[in-house]
Amino acid sequence: MKKIKLSLGEHQRIIYELLYAIDDFCNRYNIRYFLGYGTLLGAVRHHGIIPWDDDADIMMEREEYERFQELIIKNPPEGFEAYSINNTAGYYYPFIKFGKKKTLLIEPFGYVPSKGIGINIDIFPIDGCPGNDREQACIYARNYFPRYFNLLNRRFINKYKSRRERIYHLFHLSYHLPFVQKRFFKRLYKDASQYSFKETKYYSCISWSFSGDKNVHACHLIDSIIKVPFGDRPLPIPSGYDEILREEYGDYMTPPPEDKRKTTHQHGGVYCIED
């Protein structure tokens, strides 16, 4: 097996392949999705991937996400595969990654199998945030993420500095058994879906809301979907994209200074694999 390191441009071409494969798959099964986060920004400002980015994000309402997960695991498009806590040993992210076979992406974190996974894009579920106004919805989103993320990091970093922490660790050794961990995190991730998107005024990707308040938006902003040019074909974005992007990025149409045009993701390398 030979590993060939890829340039950013080659990496981005694979990301386009992954996005178009997902678009074909979702059209085939009538699954509603839209571009999110930096990929949404790229669609509006660059009509494609942000030139210095090396990732892509897709979002689905929880009901669509669960249907998508079942279908993509059972019958992925040829040449591709899906990774999730439900089908991949050593995988602990609370969302699906969709990757290309015969490629390799090395992560610096322990949330994926140690051997690595294929070059991939993220598929995020969105859930409802309870509250009568955005401030209340943001409080809910802020409280959920740290609760499990600290546990997730404790699982992989294993730095117990104080005597109390070391004693706590000894009494919870069973937690480090793989099947116990899987059951624990599956239950924890399920907590994120306790409020339906259709029953609340606001939504977010509760289980992976790194940016907290910035990622909480009014549900009516995604009531309808439009298509915009994205590379070689149009892809779906929310009709309320302007308000979403302003809440997440502020003056989103103005690119950052040259010295800030760098990816925010951390990879240990991306490769094509030859037999």
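Mentor: In strand 12, Tyr271 is the bridge partner of Lys5. The model is predicted, so local features need pLDDT of at least 70 and side-chain atom pairs count only at pLDDT 80 or more, while totals for chains, interfaces and linings use all residues. Residues are numbered from 1 along each chain as its sequence is written, and side-chain values use heavy atoms, without hydrogens and water.

Trainee: What makes strand 1 and strand 12 a pair?

Mentor: Strands pair if DSSP finds at least two bridges between them. Four bridges join strand 1 (residues 2–5) to strand 12 (residues 269–274), therefore the two count as paired; they run antiparallel. A strand here is a DSSP run of E with at least two residues, and a helix is a run of H or I with at least four, both numbered from the N terminus.

Trainee: How many bridges connect strand 6 with strand 12?

Mentor: Four bridges connect strand 6 (residues 103–106) with strand 12, also in the antiparallel sense. Gly269 of strand 12 is the bridge partner of Ile106.

Trainee: Why are helix 2 and helix 7 called oblique?

Mentor: Helix 2 (residues 37–45) and helix 7 (residues 241–249) pack at about 125°, with axes 11 Å apart. Angles under 35 degrees count as roughly parallel, over 145 as roughly antiparallel, 65 to 115 as roughly perpendicular, and the rest as oblique. Helix 2 and helix 7 are therefore oblique to each other.

Conventions:
Axes are lines fitted to C-alpha atoms, for helices over the stretch in contact, and angles run from 0 to 180 degrees between N-to-C directions.
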